[in-house]
Each structure stands twice: as C-alpha cells, then as structure tokens.
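Trainee: I have a new structure to look at and would like to learn how to read it. Could you take me through a few features?

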Amino acid sequence: MRKMIVVAVREYQAAVRTKAFVISMIAMPILMCGVLIAQTILEDKRDISDRHVAIVDHTGELFDAIVEASNERNEQDIKDQGIYETKNGKRKQVMPRFVIERIAPTADDPERVKLNLSNRVRDGELFAFVIIEPDVITPKDGDSRQSIDYHSNSPTSDDFQRWVGFPINNRIKELRFAKAGLDQEVVKKATKWMSIANLGLVSVDKEGNITKATETNELANIFIPMGMMMLMFMIINIGATPLVHSVLEEKMQRIAEVLLGSIPPFQLMMGKLIGMVGVSLTLAVIYLFGAYFAIRHAGFEEYFPSHLVIWFVTFLALAVLMFGSVFVAIGAAVSDMKESQSALMPVMIVVAMPLFCWIFVVREPTAPLSVILSLIPPATPMLMTIRQAVPPGVPLWQPVVGIVLVLLTTIVCVFAAGRIFRVGILMQGKGANFAQMLRWVIRG
Amino acid sequence: MNIVEIENATKTFGEHIAVNNLSLSVPEGAIYGFIGPNGSGKTTTLRMIMRIYRPDAGTGRIRVLGEESLTAANDEIGYLPEERGLYKKMKVWDLLRFYAELKGRRDFNAAVKHWLDRLDLADWANRKIETLSKGMAQKVQFISSVIADPRLVILDEPFTGLDPVNTDVLREEVLALRQRGATVIFSTHDMAVAEKMCDFIFMIFKGNKVLDGTLASIQDSYGQDTIRVKVENGGFDPRGIEGVEKVTDFGHLQELRMAPDTDSQQTLAALMARGRVAHFELAKPSLHDIFVRIAGPEADTAATASQAQEASHA
C-alpha cells in the first residue's frame with residue numbers, strides 16, 4: 001500500500017510539473033470555449049459603416065414609414081432595437097446605420113431597373129435594394145404567397161433584410177385596418193400579444209412559507225450541463241497523455257524492470273492510476289473554482305450547480321479510473337509514441353461518445369432513451385451529470401445504479417489492464433495487436 | 001548456503017528457446033560473472049533470477065534467498081538493467097529518493113546523501129538525469145540498485161561504455177558490496193574484468209550452459225595448451241611449426257594454441273630457429289580465448305563440420 005502511494009506521488013508530480021501539463025491546462029478551455037470567446041472579442045470588431053439601401057416603392061405608401069423607422073433606429077440604443085450600446089457610461093455605436101435612398105418608380109422595363117440597381121450594388125455604391133410591388137397592400141385570396149424582394153450581394157449579412165420586415169408589415173397592417181374601417185387603437189388593444197413566462201416550481205422554505213417560483217434561464221439550463229460535460233471530457237483528455245507517456249517511458253527505458261523488482265505489477269499500475277486521479281481532481285478543483293468565480297463575477301451565482309459537485313467529482317474519479325486503466329494497458333502494449341496515438345484513437349471515440357448525443361439528452365432528460373444512454377457505463381459519468389444538471393434532475397436510484405455499473409466496469413477494466421500491463425510492460429520490440437492483448441487478458 | 005538455486009529451468013518465447021534446461025547455484029557472498037555473446041540468454045537468466053520471468057510451466061525450479069516466491073518484488077534484491085532504467089526528466093535526488101522509498105527504506109534522505117557523497121555526485125543532486133554524462137548516469141543507476149542494502153545485487157552490463165576512472169570506481173564498489181556480505185551477479189562482455197573480479201564464471205551460449213565454475217577450474221579443463229611468445233623478427237610467422245593449431249596475433253605478442261601432447265621444448269627450438277626469442281611462456285588459455293573457442297567463428301566451423309560428418313554417416 002505504502003509503495004503504491006510512493007508510485008502515485010511520483011506519477012502525480014511527474015505529470016503536474018511538466019510544461020506540457022500547464023500548457024494543456026490553459027489551452028484546453030480555450031479550445032473548448034473558443035467559439036464563445038472569439039464571438040465576444042469579434043463582437044466589437046463589426047463593420048459599422050453606413051449601409052446604403054435603395055427602395056423602389058411602387059405602392060407609394062410604405063417608403064416614408066421605413067425611413068421614419070430607420071431614423072428612429074439610428075438614434076436608439078441596442079436594447080430598444082437601435083444601434084448604440086452604453087458601457088461604463090460611454091455610448092458607442094455598435095451596429096451600422098441604415099441610409100435609405102428613394103428610387104422613384106418609372107415606366108421603364110422593371111428588369112432593366114433591377115439590373116441598374118444590381119450594378120450599383122456591384123460597384124459598392126449600394127449595399128442592397130428592395131422592390132415593393134404595387135399589389136402588396138391588398139392581401140391575395142387563398143394561400144398564394146406574397147413577398148417583397150430584397151436583393152443584395154451579401155446574403156449572409158442579413159441585418160437589414162431581417163429588420164425591414166417590421167416597419168413594412170406594421171405600415172401594411174395599418175393600411176389594411178384603415179381600409180377595413182377599423183379603429184387602430186381598438187385593434188392594437190384587441191390583438192395584444194401575451195408572452196409566456198418560463199418559470200420553475202413553487203416550494204416551501206424552512207419557515208414553512210411558500211416561495212415564489214423564479215423565472216428559469218434557458219441559457220443556464222443548457223450551458224451548465226454542457227459545461228460540466230465538457231469539463232469532464234477535458235480533464236480525462238489532459239490526464240491521458242502523461243499517463244501513456246510515463247508507461248511508455250518505463251517500458252522503453254527499462255525502468256519497469258527496476259520497478260517490478262520492488263512492487264508487484266498490479267500495485268504499480270494502481271499507483272499510476274491513483275496518481276492520475278490526483279491529477280484529474282487537481283484540475284477539477286482549479287476549473288470548478290475558476291468557473292464559480294467567473295459565474296459569480298457575471299452575477300449568475302444562483303446558477304452554479306454546487307449541489308452537484310460531489311456527484312461530479314465521484315463520476316470524474318470513476319471515469320478516470322475506468323479510462324485510465326485502458327490508457328495504461330495501451331501504453332504497455334505499444335512500442336512507441338506513434339503507435340500509442342493510433343491505438344488511443346478508438347478509445348478516445350468511446351470517451352467522446354456522449355458529446356455526440358448530449359443535445360438530445362439535455363432536451364429530453366427523462367426520455368427512456370436518455371435514461372438508457374446514461375446507464376451505459378462508458379457514457380454514464382458525462383451523461384448522468386448532464387441529466388442531473390437539467391431540471392427536474394433524476395431520481396436518486398439512477399445515479400446510484402450508474403455508479404454501481406461504472407464501478408463494476410472499472411473493476412473489469414482495471415483487472416484486464418493489469419494482465420496486459422504485466423506482460424506488455426516487459427515486452428521489447430514490436431507492439432501487441434488487439435488479439436494478442438485479448439489473449440493476455442484471458443490467459444493471465 | 002546458496003542464495004540462488006536454479007534447477008532444470010527452460011524459458012521459451014514462442015518458438016525460440018532462450019534458456020534450455022539450466023541449472024545453476026550461486027553461493028552467498030560470491031561474485032558471479034555471467035558471460036556469453038549477445039542474445040545467448042544472459043538477460044533472460046538474470047530476469048528469471050529476478051523472477052520477472054518464470055520458467056516454462058512444468059520445467060525447473062528457482063529458489064532465491066531460500067524461497068520459491070512467485071513475485072518479483074523483493075526488497076532484498078537490487079537490480080541494474082542494461083544501460084537504461086532511469087527517468088530522464090527527474091532530478092538525481094528525487095529519483096534516488098523514489099527508488100529508496102520504493103524499496104521500503106524509511107531513512108531514504110540519509111541513504112541518498114550517503115551514496116551521493118560516496119560516489120562524488122553531491123553537486124549533481126539537483127540536476128536532471130538527461131543532463132548527466134553516461135558515466136554519471138551509470139553511477140546513479142548503480143546507487144539505485146544498492147540503496148536499500150540488498151543481500152543480492154544483480155547488475156546487467158554495469159561496466160559497458162565506462163571510462164577507466166569510472167570503471168575503477170564501480171569495480172571498487174562491487175568489491176565493497178561483497179565485503180559487506182552481499183552476493184553480486186553481473187553480466188559482462190569484458191573478459192579481463194570477469195577474470196579479475198569473479199569468484200565464479202558462468203557462460204551461456206545459445207541458451208545452454210557451457211561453462212560454470214571458478215576461473216581456475218575452467219582453465220584446468222582446457223589444460224596448459226597455450227604458449228605466449230615474442231620473437232624479435234619483423235616478418236616472423238609461427239604457422240607451419242609442428243603442433244601449432246591456431247595463432248592469435250596481439251602485435252607485440254603472439255598466442256599459440258598447441259595440439260595436445262605437443263612437446264613445448266621442440267616448439268621452442270623451432271621458434272629459436274626462426275628468430276631471437278625474447279619471451280616464451282607456457283600458460284593456461286585466457287577466458288577471452290575460451291570464450292572465442294566456444295562462441296567464435298571457429299566454433300561455427302567446427303559445428304558445421306561435425307554436422308556435415310553426422311550427415312555423411314547418416
């Protein structure tokens with residue numbers, strides 16, 4: 001036991017003290033959250049030069065309303081659908097202004113008019129143009145679809161296209177109500193939209209008072225489970241490399257023979273695995289504290305899943321033991337780094353399996369398929385954590401059964417890995433293939 | 001008492017017989033030298049003594065330190081593998097401390113300090129292994145194998161690639177181990193070292209034991225069939241003299257292997273007829289010569305010849 005701890009301590013220090021470890025500790029979250037970080041940084045770097053848009057209004061009734069709405073937008077803050085943002089007391093333009101140009105309808109060939117405007121867009125004079133046909137105000141009978149044509153050379157940059165629908169439709173509605181002889185105010189009141197608030201459940205506090213339900217935050221409900229899953233995936237990943245490295249080094253440098261003269265192979269392997277669990281828990285503590293302070297700083301402290309930390313750590317430790325034993329076996333069976341990389345690939349796909357189906361599990365946490373998926377041992381640590389993090393959570397028996405199944409799988413993995421390790425670690429020359437490893441496991 | 005006893009052990013890897021029906025006894029307190037060409041089974045034998053390998057099922061028994069344990073882990077055995085065996089990224093002190101702790105030594109700090117001072121490595125305690133020269137790394141490796149004061153020390157090629165100064169240092173340490181009562185088994189390619197240091201010599205060739213005993217007893221079995229001679233004559237060629245079977249030319253000295261029952265006086269007379277004899281010595285064959293007789297090209301030729309003879313008889 002004492003010797004196992006000696007090995008674990010060395011393993012831990014060897015992993016934590018390397019530059020590679022520190023680099024991957026910093027790089028992994030960047031890699032995982034790169035999209036979010038880049039989005040935040042790039043947000044400020046938008047092109048806010050004016051967007052010149054030409055409008056040919058054959059109805060003669062809509063253009064003024066669009067210009068009026070555009071002028072209003074060009075003055076307002078972003079929270080009122082405008083273009084300015086106030087940060088630290090400074091008001092700053094963050095979206096482009098829309099500058100609308102009137103093109104008077106003529107008797108010319110309409111296609112010729114469109115071609116001229118298209119050429120102006122190509123020359124960079126205009127950003128886009130809109131053609132409003134004369135019949136848009138009167139709705140057509142039946143289901144036939146009516147639309148207003150928006151032409152641009154940048155279809156992915158759709159700010160104007162999305163925005164202009166509102167002033168046009170508002171004005172068209174007004175015109176149609178007026179034509180039908182309805183009072184605008186009455187109609188507005190009669191058709192007022194009711195929004196549906198997304199709330200949690202009501203409960204009773206310690207004094208017996210009924211507490212009000214709070215509004216749920218859909219983003220938090222998706223990002224927190226996702227974050228926990230990614231964190232677990234990341235930690236398993238970071239720990240894997242030093243573990244395989246150290247086994248390979250011991251094998252190639254003939255250190256294994258010296259070690260086996262002092263400690264039985266199974267204890268040696270367990271020492272290494274305990275070392276890796278230590279590394280993983282260190283990472284978990286660092287990341288969880290980091291996440292907690294980041295969330296608190298952003299004012300979302302209530303969303304930090306502190307009640308799940310114990311479960312998370314337990315599942316993480318088991319996952320590290322389960323996958324770690326497979327990594328150790330691979331390290332012992334292969335003969336160099338190159339071989340280890342290709343041998344690790346299939347294992348990494350199994351580790352990453354939950355990443356393929358997590359969206360389904362978050363949306364349908366109580367569906368029978370989600371329950372089954374979260375009870376398949378290699379997926380349990382990540383998927384069960386996700387299901388626990390999404391309201392309403394899971395009945396207690398599920399994580400308990402999950403832990404028991406993972407524990408059994410871990411025991412099988414560790415046992416099999418022990419047999420592969422014992423033979424593989426002393427083998428020199430060519431690495432073993434899968435069939436050979438299986439033979440070692442069965443024969444013992 | 002014998003500290004290692006091997007009886008009829010065979011070890012095969014797939015089709016290849018690495019060690020064939022080997023029996024060997026190593027008395028306590030002895031220095032036992034293992035010699036043999038590369039790939040002849042030395043390391044496999046050492047690993048069987050370490051109990052990293054077990055003999056094939058149904059063959060042989062191995063008793064080390066009086067017991068037939070199945071596990072390799074034993075704090076009373078120290079092991080130095082050939083050349084490697086050190087974590088490159090670890091510092092000297094941390095590494096030795098780790099090995100000492102792993103061998104169950106409680107006063108590891110004192111032990112590490114003692115050995116670093118003793119082998120003049122104290123200034124290197126905080127350097128990483130990868131920065132050490134080969135000689136220093138070998139000394140560190142030696143310390144790691146003896147730091148727990150083992151009763152049995154197994155050294156695989158401890159002197160390979162060392163300069164004369166470091167060879168002397170390690171040789172003295174090995175002798176000091178025996179002084180302390182430890183038993184040392186080491187393998188070597190250096191016949192001079194084996195001749196000078198070992199109480200017993202064991203030679204394995206193609207998996208079979210071919211020599212085992214004290215140097216004197218081994219030499220006796222070959223008889224006094226060697227003449228070392230120096231003749232002051234540039235173009236001197238002893239071939240053609242009656243009874244000379246083989247000539248090994250060392251430049252200033254020549255070694256003649258004589259056929260059995262050759263009269264040395266007649267040989268001397270023949271030599272004197274060819275030049276001025278400055279040195280004439282009747283000797284037993286050196287270990288080097290015995291090694292080459294068993295494992296050299298002439299052994300191959302002899303083996304092929306005897307096979308051909310057997311074939312023609314068949």
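Trainee: In which hand does α11(A) pass α13(A) in their crossing?

Mentor: A crossing is left-handed if the near helix is turned anticlockwise from the far one by less than a right angle, and right-handed if clockwise. Here α11(A) passes α13(A) in a right-handed crossing. Before we go on, this is a predicted model: local features need pLDDT of at least 70, side-chain atom pairs count only at pLDDT 80 or more, and totals for chains, interfaces and linings use all residues. Residues are numbered from 1 along each chain as its sequence is written, while chains are lettered from A and ligands numbered from 1 in the order in which they are written.

Trainee: At roughly what angle do the axes of α11 and α13 of chain A cross?

Mentor: Axes are lines fitted to C-alpha atoms, for helices over the stretch in contact, and angles run from 0 to 180 degrees between N-to-C directions. Helices (H or I, at least four residues) and strands (E, at least two) are DSSP runs, numbered from the N terminus. The axes of α11 (residues 337-363) and α13 of chain A cross at roughly 20 degrees and come within 10 Å. Angles under 35 degrees count as roughly parallel, over 145 as roughly antiparallel, 65 to 115 as roughly perpendicular and the rest as oblique. So α11(A) and α13(A) are roughly parallel to each other.

Trainee: Which residues of α11(A) meet α13(A)?

Mentor: Two residues are in contact if their C-beta atoms, placed from the backbone, lie within 7 Å. From α11(A), A:P354, A:W358, A:V361 and A:V362 meet A:M382, A:L383, A:I386 and A:R387 in α13(A).

Trainee: And how does α13 of chain A pack with α7 of chain A?

Mentor: Helix α7 (residues 218-252) and helix α13 (residues 380-389) of chain A pack at an angle of about 160 degrees, their axes 8 Å apart. That pair is therefore roughly antiparallel. The crossing of α7(A) and α13(A) is right-handed.

Trainee: Now chain B: what is the order of the strands in the open sheet?

Mentor: Strands pair if DSSP finds at least two bridges between them. In chain B, six strands form an open sheet in the order β5-β6-β7-β3-β8-β9, with mixed pairing. β5 (77-80) and β9 (208-213) of chain B stand at the edges, each with a single partner strand, so one side of each is left without a neighbour in the sheet. Inside chain B, β3 (residues 31-35) and β7 (residues 183-187) pair in the parallel sense over four bridges. B:F34 stands opposite B:S187 in β7(B).

Trainee: How many residues of chain A are in contact with chain B?

Mentor: 16 residues of chain A are in contact with 20 residues of chain B.
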